[in-house]
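Biologist: Before we discuss particular residues, could you show me how to read strand pairing, burial and side-chain contacts in a model?

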Amino acid sequence: HALSAIARLQYLVGERHVLATQSLRSDKAKHLGVKLGSGTRPGLVIDKTEYVISAAPGSVISSTTTVTGSTIITGVVFTGSGDTPLVDVSGSGRLVLVNCILTKTDAQTASGSYINVDATAKVQVNGCMFTGTQTTGLVIRTAGGASGSVGNLNLTGVAHSGAVTVAGEVT
């Protein structure tokens with residue numbers, strides 16, 4: 001009964017602590033704060049609005065995170081490989097990434113990207129690091145949605161699509 005009391009309290013204040021063995025699910029429509037514990041977990045699906053997700057050191061997401069709602073994600077390590085994007089933002093999705101590491105363990109082709117943004121979605125990436133040497137593809141691929149890259153470290157060897165506003169990026 002103590003656990004259910006804690007769960008009820010978390011629901012009321014809108015905060016969750018998610019372990020690597022747990023999935024991120026909420027029936028709360030918005031204003032949810034989530035703290036991801038350390039460990040590796042599959043990609044998140046964020047379809048609600050006004051989420052704030054922060055990560056403990058060692059928190060790794062190992063498959064595509066899909067955003068159709070609105071969220072700020074801080075301190076997560078995103079890993080993947082090949083052409084599959086690490087983060088996919090679509091529909092009315094709005095995403096701000098802060099102090100994250102996005103890395104691919106093998107090569108992507110010209111159609112690959114680290115972050116994919118469709119025409120109606122928006123992304124802002126601040127103080128993040130992109131790693132994994134590439135010869136083709138893009139870091140942020142956008143189909144016209146407003147996207148920006150500010151103060152990031154890009155160690156991939158590839159650029160962003162032309163629609164991405166880049167400021168202060170170190171390569």
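Modeller: Let us begin with pairing: β13 and strand β16 (residues 138-142) pair in the parallel sense over four bridges, where two strands pair if DSSP finds at least two bridges between them, and where strands (E, at least two residues) and helices (H or I, at least four) are DSSP runs numbered from the N terminus. In this pair, Ile115 stands opposite Ile140 in β16. This is a predicted model, in which local features need pLDDT of at least 70 and side-chain atom pairs count only at pLDDT 80 or more, while totals for chains, interfaces and linings use all residues. Residues are numbered from 1 along each chain as its sequence is written, and side-chain values use heavy atoms, with hydrogens and water left out.

Biologist: Which other strand is joined to β13, and by how many bridges?

Modeller: The general idea is that strands of a sheet pair through backbone hydrogen bonds, either parallel or antiparallel. Here, strand β10 (residues 87-89) runs parallel to β13 and is joined to it by three bridges, with Asp88 standing opposite Asn116 in β13.

Biologist: Why is β13 described as largely enclosed by the rest of the structure?

Modeller: A residue is called buried under 20% relative accessible area, exposed over 50% and partly exposed in between (1.4 Å probe, protein chains only). Strand β13 (residues 113-117) is largely enclosed because four of its five residues are buried.

Biologist: What is the strand order of the open sheet of six strands?

Modeller: That open sheet runs in the order β3-β6-β9-β12-β15-β18, with parallel pairing. Its edge strands, each pairing on one side only, are β3 (39-41) and β18 (153-154). Inside that order, strand β6 (residues 59-61) and strand β9 (residues 77-80) pair in the parallel sense over two bridges, and Ile61 stands opposite Phe78 in β9.

Biologist: Where does Lys104 sit, and is Lys104 buried or exposed?

Modeller: Lys104 belongs to strand β12 (residues 101-104) and is buried, with a relative accessible area of 3%. For its polar partners, I count a pair of N or O atoms within 3.5 Å; within protein, one must be able to donate a hydrogen and the other to accept it, and residues adjacent in sequence count only if both atoms are side-chain atoms. On that basis the Lys104 side chain makes a polar contact with the side chain of Gln108 at 2.8 Å, and one of its polar atoms lies 2.8 Å from the backbone oxygen of Ser113. Gly80 is 24 residues from Lys104 along the chain, yet their C-alpha atoms are separated by 4.9 Å.

Biologist: Which residues does Thr71 touch?

Modeller: Thr71, in strand β8 (residues 70-74), counts as buried at 5% relative accessibility. Leaving out residues up to four places away in sequence, Thr71 touches Ile46, Tyr51, Val52, Ile53, Arg94, Leu95 and Val96, and its side chain reaches the backbone oxygen of Tyr51 at 3.0 Å.

Definitions and conventions
Contact means heavy atoms within 4.5 Å.
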